[in-house]
Amino acid sequence: MTAEKNKANSWAATVLTLFPEMFPGPLGQSLAGKALKSGIWRLETVDIRDFARDKHRSVDDAPFGGGPGMVMRPDILAAAVDHVRTETAENGTGENAGPVIYLSPRGRRLDQALARELADRDGLVLICGRFEGVDQRALEGRGIEEVSVGDYVLSGGETAALVLLDAVVRLLPGVIGDAAALEEESFAQGLLEYPQYTRPQVWEGREVPEVLTSGHHEKIRAWRLARAEELTKARRPDLWDRYLRAAKSRG
Ligand code: SAH
């Protein structure tokens with residue numbers, strides 16, 4: 001399929017940032033990069049600074065109430081968001097820009113379930129913060145959701161946006177050739193993935209578990225499930241509890 005043919009219905013990401021040159025960055029390579037070139041997904045960046053109105057093109061100001069750092073102004077951020085929404089409404093394909101998400105340590109934690117939800121939409125709009133964050137009124141006034149990539153603080157939303165996009169794009173139909181790979185991997189069934197092995201069969205005296213070379217598919221499946229359960233129980237009691245509860249409710 002040509003990029004042009006695919007354009008109208010491909011999954012679309014619009015990233016609002018002060019550093020557009022950070023994109024596509026690593027997403028221009030490998031799986032995501034190939035999918036971008038073939039038109040399975042589209043990426044547009046919007047420079048928030050283009051919506052500044054003074055001659056210094058400033059986008060931030062000191063926080064009311066005092067404290068360190070600077071805060072992104074609500075009027076400028078809202079103007080950028082409105083611009084993106086108007087553009088998508090006008091481009092005639094009838095498509096929806098998808099949810100507008102501010103990458104933020106206070107947000108809903110990104111996990112595989114959220115990545116899956118976002119992959120099922122038409123696309124999304126991501127806002128990358130800088131400084132101490134953005135004015136609360138812009139978030140409320142434009143109905144912006146917040147998503148976090150983990151309990152740590154980054155210096156800007158751009159790397160978080162790259163993480164989120166990577167997790168979502170690889171779930172889009174056609175990005176990973178072998179769809180079965182997605183069902184086997186960590187989190188897909190609520191478990192961490194079983195250990196993987198490849199050639200050589202003996203390496204530094206360590207042998208590949210015998211069952212994997214047996215050719216006995218049912219035994220291999222059972223072995224992998226047992227290892228996945230063991231690993232999840234030992235490393236992630238939170239996931240293990242959820243897995244047990246889900247298994248119980250399935251009966
Ligand atoms: N003062 C803020 C942190 C600002 S960090 C606070 O304490 O919550 C600057 C920018 O980096 C944020 O606006 C956000 O867009 C991004 N960021 C930092 N940590 C993040 C995380 N864990 N997940 C997603 N975005 C994050």
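The model is predicted, and the points below concern strand β6, helix α8, Thr88 in helix α3 and the residues around the ligand.

- Strand β6, which comprises residues 123–128, has 6 of its 6 residues buried, so the strand is largely enclosed by the rest of the structure.
- The covering extends to both faces of β6, with Gly123, Val125 and Ile127 buried on one side, and Leu124, Leu126 and Cys128 buried on the other.
- Strand β1 (residues 11–17) pairs with β6 in the parallel sense over 5 bridges, and within this pairing Ala13 stands opposite Leu124 of β6.
- Strand β5 (residues 100–109) also runs parallel to β6, to which it is joined by 4 bridges, and here Val100 has Val125 of β6 as its bridge partner.

**Helix α8**

- Helix α8 (residues 217–235) has 19 residues, which at 1.5 Å a residue should span 27 Å, and this agrees with the 27 Å that separates its end C-alpha atoms.
- The buried residues of α8 are Ile220, Trp223, Ala228 and Thr232; because they cover an arc of only 160 degrees around the axis, they lie on the same side of α8.
- On the other side of α8, the residues Lys219, Lys233 and Ala234 are exposed, whereas the buried residues of the helix pack against α9 (237–250).

**Thr88 in helix α3**

- Thr88 belongs to helix α3, which covers residues 74–90, and its side chain reaches the backbone oxygen of Val84 at 2.5 Å.
- Thr88 has a relative accessible area of 16%, which is under the 20% cut-off, and therefore counts as buried.

**Ligand surroundings**

- There are 20 residues around the ligand, and of these Tyr102, Leu103, Gly129, Tyr152 and Leu154 come nearest.

How values were computed
Residues numbered from 1 in each chain as written. Predicted model: local features only at pLDDT ≥ 70, side-chain atom pairs only at ≥ 80, totals over all residues. Heavy atoms only, no water. Helix = DSSP H or I, 4+ residues; strand = E, 2+ residues; numbered from the N terminus. Buried < 20%, exposed > 50% of the residue type's maximum accessible area, 1.4 Å probe, protein only. Polar contact = N/O pair within 3.5 Å; in protein donor to acceptor, adjacent residues only side chain to side chain. Pairing = 2+ DSSP bridges. Expected span 1.5 Å × (residues − 1). Arc of directions from axis to C-beta. Contact = heavy atoms within 4.5 Å. Near = heavy atom within 4 Å.
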